[in-house]
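Student: I have a structure open and would like to learn how to read its features. Can you take me through it?

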Amino acid sequence: MFVVRTTTLLIVEPERKIVSPRSNWVDRQLNRVCVQLELTATQYKDAEQKYRAVGGWLSDIGSPLAIYEPEIYPQGSMLLGTTVRPQGRIEYDLDLVCQLHWCANQPPMTIYDWVHDRIAGHETYAAMLEKLKRCVRLNYAGDFHMDILPACPNDQIGNGSIVVPDCKLVCWMHTNPKGFAAWFFEQCRRQESDERRVMLKDSVAPIPSPVPSEFKYSLQRIVQLMKRHRDLYFHGGRDIARSVILTTLGGMFYRGERSLSTALDGVLDGISAALAIHTQVPRIENPVHPSENFADTWDQEKYEKFKAYIGNFRRGLKSVLYPSAQDEQRGLEKSAGPLSELFGETEVKEAIRIEASEMNRNRNQGKLSVGATGLIGTVRSGAASIPPNNFFGR
Amino acid sequence: MIRIKTLGVRDQAAWVRCCFPTFQCTIDGGFLVCRGTLQPDPVNRVYAVEIHYRAGQWPKAFVPGNQLEPLVPEGKIPHTYGPTEPCLFYPSRSSWRSDMKLAHTVIPWLALWLAFYEMWRATGEWYGGGITHGESNEIEPAA
């Protein structure tokens with residue numbers, strides 16, 4: 001007899017492949033989809049206001065927590081710049097860490113109760129409060145909730161490591177949201193070398209101001225696209241393909257390719273190859289804290305569903321980038337179809353509308369040219385451009 | 001009155017072959033037929049196309065066979081004269097004159113039309129703009 005042990009996810013180096021001639025077109029559409037996935041300015045501002053209000057309440061000088069010098073900072077997608085606009089009944093959220101000091105000797109439930117009781121002491125918050133395994137949740141009216149994670153620093157490890165109470169197991173769990181964010185941005189920078197610092201200081205650290213989609217790292221967009229397909233594929237399903245799992249796997253398998261679609265294809269190849277080795281549920285370790293297993297909620301059934309989601313995603317994207325000879329003869333519509341299935345029909349249609357309007361703008365400015373094979377491209381104004389015309393007819 | 005110097009079909013054919021080397025041109029009794037392929041973007045399909053032209057008449061562009069398809073059976077494809085003939089320009093001397101090169105006008109317009117046609121196939125919307133039949137009845141004779 002042997003014991004089957006859960007094993008850490010193995011990385012298989014994927015084969016380098018030829019970049020699809022369609023990747024430019026797909027990149028343009030994916031970039032336009034990502035712009036539409038961003039939270040609206042109102043949604044963002046609203047979340048920030050609520051974050052500041054809750055942060056202020058927790059760290060207020062009159063709060064019983066004040067002597068523990070609470071440090072409030074965001075974690076998760078809001079910090080990583082990987083939020084996606086809520087869709088249907090799905091909410092968007094903000095995760096907030098309420099880190100107390102000189103408290104790691106206390107029993108975990110004491111810390112949880114301190115934070116919980118402080119929130120419950122607020123008239124408005126008390127009515128919105130929900131106790132969860134590792135956090136206190138505030139359910140706002142509308143499509144937003146905030147998870148407050150009570151925490152104490154893990155001074156033995158340092159470097160942003162914290163311990164958080166687990167109500168089910170009544171014990172401390174180790175994690176490191178700051179370290180995870182630093183790791184994620186390190187992966188992002190495989191693409192570029194410019195310094196974009198993540199600010200983490202003060203008692204209520206600001207949530208990073210919204211970066212317009214076009215200035216985001218490819219990896220941030222890859223994670224957004226993975227989350228978007230998750231939301232459509234599972235109609236929710238955030239317990240199967242948790243954001244932190246998608247973010248970790250995205251970061252692990254991203255190789256810094258210039259083209260967004262090629263990079264996403266590479267990430268899906270990488271994940272798929274790694275999952276193929278594991279018939280049993282693997283561990284998905286926190287890259288900065290290997291003893292934390294992000295997949296600890298997976299059983300065989302959930303794992304199979306996750307594999308199916310990755311498989312479907314990968315097949316869909318491949319059919320766009322590397323169509324069969326038969327599909328190739330169907331042209332753009334055969335690419336737009338699977339793209340809509342992956343990321344949403346409205347968003348893809350809007351992307352094509354923008355493609356057309358950019359083409360028209362260049363056409364009106366005399367910047368379009370046509371190559372020997374009919375390939376439409378842009379030229380410097382005036383240089384052998386297509387003369388103006390009006391398509392006639394009904 | 002502005003005099004224009006009509007470009008002969010031989011010159012037109014030479015320009016087409018020069019700009020679009022894959023095109024084959026034949027002239028029969030002053031009637032020019034250019035056959036070739038166009039692919040506006042790698043994501044688009046490769047279309048076999050034909051240009052028909054007789055000096056002094058309006059040039060015509062065709063996408064023969066059943067390469068073009070309406071969205072529903074028997075449906076209409078926007079900006080076409082018939083199931084295989086896109087309308088590339090408003091027939092007036094301000095759009096096209098016989099001193100213009102097919103290679104610099106009609107063929108690039110056809111590539112553009114095909115790009116918009118595929119977007120229409122995918123979205124049901126015609127984004128290419130243009131003039132709808134009947135908006136102006138003044139169709140000028142060919143230059």
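**Reading the helices and the sheet**

Tutor: Start with chain B, where helix H1 (residues 9–19) lies across E1, E2 and E3, running at about 170 degrees to E1(B). Axes here are lines fitted to C-alpha atoms, for helices over the stretch in contact, and angles run from 0 to 180 degrees between N-to-C directions. Helices (H or I, at least four residues) and strands (E, at least two) are DSSP runs, numbered from the N terminus. Helix H2 (residues 106–123) of chain B lies across E2, E3 and E4 of chain B, at about 140 degrees to E3(B).

Student: What should I know about the model itself?

Tutor: It is a predicted model: local features need pLDDT of at least 70, side-chain atom pairs count only at pLDDT 80 or more, and totals for chains, interfaces and linings use all residues. Residues are numbered from 1 along each chain as its sequence is written, chains are lettered from A and ligands numbered from 1 in the order in which they are written, and side-chain values use heavy atoms, with hydrogens and water left out.

Student: What is the strand order of the sheet in chain B?

Tutor: Two strands pair if DSSP finds at least two bridges between them. In chain B the order is E1-E2-E3-E4, an open sheet of 4 strands with antiparallel pairing. Strand E1 (24–28) and E4 of chain B stand at the edges, each with a single partner strand, so one side of each is left without a neighbour in the sheet. On average, neighbouring strands of this sheet are turned by 20 degrees against each other, direction ignored.

Student: How many bridges join E2(B) to E3(B)?

Tutor: There are 8 between strand E2 (residues 31–38) of chain B and E3(B), and the two run antiparallel. Cys34(B) stands opposite Ile51(B) in E3(B). On the E4(B) side, Ile51(B) has Ala61(B) as its bridge partner. Glu50(B) is bridged to Phe62(B) in E4(B).

Student: Is strand E3(B) mostly covered or mostly open?

Tutor: Buried means under 20% relative accessible area, exposed over 50%, partly exposed in between (1.4 Å probe, protein chains only). Strand E3 (residues 47–54) of chain B is mostly covered, with 6 of its 8 residues buried. In a regular strand the side chains alternate between the two faces of the sheet.

Student: Now chain A. How do I describe two packed helices?

Tutor: Give the angle between their axes and the distance between the axes. For helix H8 (residues 243–253) and helix H9 (residues 260–277) of chain A, the angle is about 105 degrees and the axes are 9 Å apart. That makes H8(A) roughly perpendicular to H9(A). Angles under 35 degrees count as roughly parallel, over 145 as roughly antiparallel, 65 to 115 as roughly perpendicular and the rest as oblique.

Student: Which residues of H8(A) and H9(A) meet?

Tutor: Contact means heavy atoms within 4.5 Å. Leu249(A), Gly250(A) and Phe253(A) come from H8(A). They meet Gly266(A), Val267(A), Gly270(A), Ile271(A) and Ala274(A) in H9(A). The residues of this contact divide into 5 nonpolar, 3 polar and no charged. Ala, Val, Leu, Ile, Met, Phe, Trp, Tyr, Cys and Pro count as nonpolar, Asp, Glu, Lys and Arg as charged, and the others, Gly among them, as polar.

Student: Is Met226(A) buried or exposed?

Tutor: Met226(A) is buried, with a relative accessible area of 0%. Its place is in helix H7 of chain A. Leaving aside neighbours within four places in sequence, its contacts include Gly250(A), Val267(A) and Ile271(A). Ser218(A) is also in helix H7 of chain A. Ser218(A) is buried too, at a relative accessible area of 6%.

Student: What span does H12(A) reach?

Tutor: The expected span of a helix is 1.5 Å times one less than its number of residues. Helix H12 (residues 332–343) of chain A has 12 residues and reaches 16 Å from its first C-alpha to its last, close to the 16 Å expected. Gly344(A) follows H12(A), with a positive phi near 115 degrees.
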